[in-house]
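Thanks for coming. I will go through one model this morning, from its strands to its core and then its charged pairs. Please have the sequence and the coordinates open.

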Amino acid sequence: MKLVPFNEDTILQRYEWRDEDRLIGFIDYYVFDQVCMIMHTEVSPELGGQGYGSRMAARAIEHVQTLGKRIVPICGFFINYLRKNPQHHALVSAESRRIFSIGFP
């Protein structure tokens, strides 16, 4: 899988997953100071339910980690992904973990 950071402009950033010219899916995010706000995750409708969103989320998290940022998930898909993947909880801001019940019983 090749997840490519793609900047539409100076504010909104996007990770895109492409297979040749075909868009598989994307994740929109904003970077502010020490946080990366994950705004929206989308997979092509014909590929839904096949794990593409989860694979994109994992790769985006790896990239955020290399930037030394904390994650603030706004996207419902991303929040659920993080709830199910405790190995990533340390990268989520403490306030986001509390608000979205990530890593809490």
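First, how I name elements: helices (H or I, at least four residues) and strands (E, at least two) are DSSP runs, numbered from the N terminus. In that scheme Ile79 sits in helix H2. I will come back to that residue.

Two notes on the source. This is a predicted model, in which local features need pLDDT of at least 70 and side-chain atom pairs count only at pLDDT 80 or more, while totals for chains, interfaces and linings use all residues. Residues are numbered from 1 along each chain as its sequence is written, and side-chain values use heavy atoms, with hydrogens and water left out.

Now the strands. Two strands pair if DSSP finds at least two bridges between them. E2 and E3 are antiparallel, with 7 bridges, and Arg18 is placed opposite Leu23 in E3. The hairpin of E2 and E3 has 2 residues between the strands, and Glu20 takes a positive phi near 60 degrees there.

E3 then pairs with E4, also by antiparallel bridges, 8 of them. Along this pair, Ile27 faces Thr41 in E4 and Val31 faces Cys36 in E4. E3 and E4 form a hairpin too, again with 2 residues between them.

Which residue in that turn has a positive phi? Asp33, at about 50 degrees, and Asp33 is not a glycine. For background, most residues other than glycine have a negative phi. Asp33 belongs to the loop between E3 and E4. Asp33 is exposed, at a relative accessible area of 69%; the scale is buried under 20%, exposed over 50%, and partly exposed in between, with a 1.4 Å probe and protein chains only. Ser101 is another non-glycine with a positive phi, about 55 degrees. Ser101 is found in the segment after helix H3 (94-99), and its 40% relative accessibility makes it partly exposed.

On to the parallel part. E4 and strand E5, residues 70-73, run parallel and are joined by 4 bridges. Val35 has Arg70 as its bridge partner in E5.

Next, the core. A nonpolar core is a set of buried Ala, Val, Leu, Ile, Met, Phe, Trp, Tyr and Cys residues joined through side-chain atoms within 4.5 Å. The largest one has 23 residues, and those touching the most other members are Tyr15, Ile27, Ile38, Ile61, Ile71, Phe78 and Leu82. At least two residues of this core come from each of strand E2 (13-19), strand E3 (22-32), strand E4 (35-43), helix H1 (52-67) and helix H2 (76-84). Which element supplies the largest share of this core? H1, with 6 residues.

Back to Ile79. Is Ile79 buried or exposed? Buried, with 7% relative accessible area. Beyond its neighbours within four places in sequence, Ile79 is in contact (heavy atoms within 4.5 Å) with Pro73, Ile74, Phe100 and Ile102. From Ile79 to Val92 the C-alpha separation is 9.9 Å, for 13 residues in sequence.

Last, the charged pairs. A salt bridge is a side-chain nitrogen of Lys or Arg within 4 Å of a carboxyl oxygen of Asp or Glu. The structure has 5 salt bridges, and I will show some of them.

Arg18 and Glu16 are joined by one, at 3.0 Å from N to O. Arg18 is partly exposed at 38%, whereas Glu16 is buried at 8%.

Glu46 bridges to Arg22, with 3.5 Å between the closest N and O atoms. Glu46 is in the loop between E4 and H1 and Arg22 in strand E3, so this pair ties together parts that are 24 residues apart in sequence. Glu46 counts as exposed at 52%; Arg22 counts as partly exposed at 38%.

Arg98 and Glu95 form a salt bridge at 2.5 Å, N to O. Both are in helix H3, 3 residues apart, about one turn of the helix. Glu95 is partly exposed, with 44% relative accessible area.

That is where I will stop.
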